[in-house]
Amino acid sequence: MKISLVHAAGWLVAYLALAVAPMVVAYAGPVPAPRGFWVEFSVGLGFVGLAMMALQFVLTGRFRSVAASVGLDSMLQLHRQLGLAAFFFILAHPLILFVTEPAYLAFLDPRVNLPRAVALSLVMAGLVLLIATTLWRQPMRLSYEWWRSVHGLLALMVTFIGVVHVLQVGHYVSTFWKQVLWVVITGGALMLLVNTRIIKPLRMIRKPWRVAEVRVERGDAWTLVLAPAGHAGLRFAPGQFVWLTLGESPFTAQQHPFSISSSAERPARVHLTVRALGDFSARVGETLPGTTAFIEGPYGAFTPDPQPSRGITFVVGGVGITPVMSMLRTFRDRGDRRPLRLVYGNPSLERALFYDELAELERQLDLQVVHVVESPPAGWDGETGRVTPALLDRFLPDDPRAHEYFVCGPEPMMDAVEPHLRQRGVPLTDIYSERFHIV
Amino acid sequence: MMLHEFIRRFGTALSIAILLMVALIAWLRAGA
């Protein structure tokens with residue numbers, strides 16, 4: 001995605017203000033006499049950790065205005081990182097208290113106050129479970145659907161018990177308006193979850209889709225061709241993605257993000273090309289034509305300028321080709337003649353999605369396709385190995401700054417390509433990138 | 001700086017900034 005640095009800085013300041021605001025508000029007005037540094041520090045971490053937990057619901061709220069300036073994949077990456085920070089802040093809150101003032105251990109003593117001890121133990125266990133299931137979802141063999149349901153519920157439980165704890169302790173939050181503020185924060189987090197998990201699916205019910213065709217593609221991949229059922233279809237920009245739900249109801253945790261691979265000029269036929277990478281995607285090929293589908297979106301800022309002012313170099317690995325296919329097909333339908341280069345890496349030629357159509361697009365567009373194959377077939381005279389900076393250098397324009405760059409593929413490729421483009425003088429704002437392991 | 005790295009640093013910088021602000025406020029409050 002292309003980032004807007006000004007917008008990103010604006011969101012940074014807004015986040016910082018919102019995360020620290022509840023702590024500042026807590027200290028406003030008449031407050032009890034100060035305690036030692038460690039107690040105050042620990043209490044501050046508790047306030048801020050809880051505010052950050054509530055803000056986590058904003059980061060996953062899929063707001064188009066926010067996602068448009070920094071990209072939804074970056075939002076989710078930030079959600080993951082700040083979630084970890086919130087976890088450590090909240091965890092540090094009791095630990096610092098217990099170490100510096102052991103009298104606080106009474107908070108966990110069921111003989112002193114049973115409901116409080118149970119609730120606080122539950123919230124700590126819930127928090128550890130929340131983080132553990134996220135960091136180690138795959139080694140723990142948890143299905144994405146199960147994880148997604150549990151993740152939302154655990155997060156809500158932690159936030160709710162956290163706020164109840166703030167109100168019960170009441171050291172800094174004893175006045176009515178401060179209590180109202182915390183109730184509003186919890187209510188807001190709940191509403192955001194309700195919006196993502198209930199209101200958005202309700203809107204999707206009015207615009208169902210039907211699987212018109214399931215095409216087998218090269219190398220364990222399929223294209224689902226979706227046709228609108230009783231509506232005009234989906235307006236999107238090439239390179240965007242949608243969240244897909246298959247089945248009669250949109251009220252399911254089984255919602256997965258997939259890039260659109262079809263032309264933006266054909267809103268009544270949306271193609272989603274899926275490679276068998278996870279538990280859901282491996283079963284996509286079994287989908288029967290006629291199956292009802294729901295799509296939420298479009299999302300994403302991995303989209304080219306509609307005006308053909310400059311050329312584009314695409315650096316793509318594997319299934320990362322799908323958003324680029326949408327762009328190429330759109331350029332073809334629009335008669336766009338901007339210069340295009342595609343460096344496309346795959347483990348083998350059999351895995352190179354859209355191989356034949358790319359050859360056709362080379363004739364229809366001002367496009368040069370460079371296939372890079374790790375295990376080439378006999379007689380292959382093209383590029384071999386991986387997409388490395390050295391290889392890329394041979395296909396960059398004479399002045400690398402003359403092009404915009406769209407990079408999409410596996411992490412190691414992106415980690416090698418993005419800094420290399422920067423070294424070659426390409427401004428950060430001319431590098432659009434999208435990572436497909438966003439969840 | 002690549003975007004991934006930028007976001008990673010962005011999140012880290014944000015977390016550290018928050019931690020420092022909490023420490024500063026606590027220090028001011030404890031010392032007040």
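Hi everyone, let me start with one side chain: Arg394(A) is exposed, with a relative accessible area of 53%. On that scale, buried means under 20% relative accessible area, exposed means over 50%, and partly exposed is in between, using a 1.4 Å probe and protein chains only.

Before going on, a word on where this comes from: this is a predicted model, where local features need pLDDT of at least 70 and side-chain atom pairs count only at pLDDT 80 or more, while totals for chains, interfaces and linings use all residues. Residues are numbered from 1 along each chain as its sequence is written, chains are lettered from A and ligands numbered from 1 in the order in which they are written, and side-chain values use heavy atoms, leaving out hydrogens and water.

Back to our arginine. Which residue does Arg394(A) meet in a salt bridge? The partner is Glu383(A), at 2.7 Å from N to O. Glu383(A) sits in strand β10 (residues 383-384) of chain A and Arg394(A) in the loop between α10 (389-393) and β11, so the pair ties together parts that are 11 residues apart in sequence. Glu383(A) counts as buried, at 17% relative accessibility. By salt bridge I mean a side-chain nitrogen of Lys or Arg within 4 Å of a carboxyl oxygen of Asp or Glu. Helices (H or I, at least four residues) and strands (E, at least two) are DSSP runs, numbered from the N terminus.

Now to the end of helix α10. Arg424(A) and Asp393(A) form a salt bridge, with the closest N and O atoms 2.6 Å apart. Arg424(A) lies in the loop between α11 (411-423) and β12 (431-434) and Asp393(A) in helix α10, so this pair ties together parts 31 residues apart in sequence. Arg424(A) counts as partly exposed at 31% relative accessibility, and Asp393(A) counts as partly exposed at 31%.

Next pair: Arg310(A) and Glu404(A) form a salt bridge whose closest N and O atoms are 3.9 Å apart. This one links distant parts of the chain, with Arg310(A) in the loop between β6 (292-299) and β7 (311-317) and Glu404(A) in strand β11 (residues 403-408), 94 residues apart. Here Arg310(A) is partly exposed, at 26%, whereas Glu404(A) is buried, at 5%.

Helices α2 (37-59), α4 (72-100), α5 (114-135) and α6 (144-169) of chain A each supply at least two lining residues, and α6(A) gives the largest share, 6 residues.

Finally, chain B: there are 1 helix and 0 strands, and of its 32 residues, 47% count as buried.
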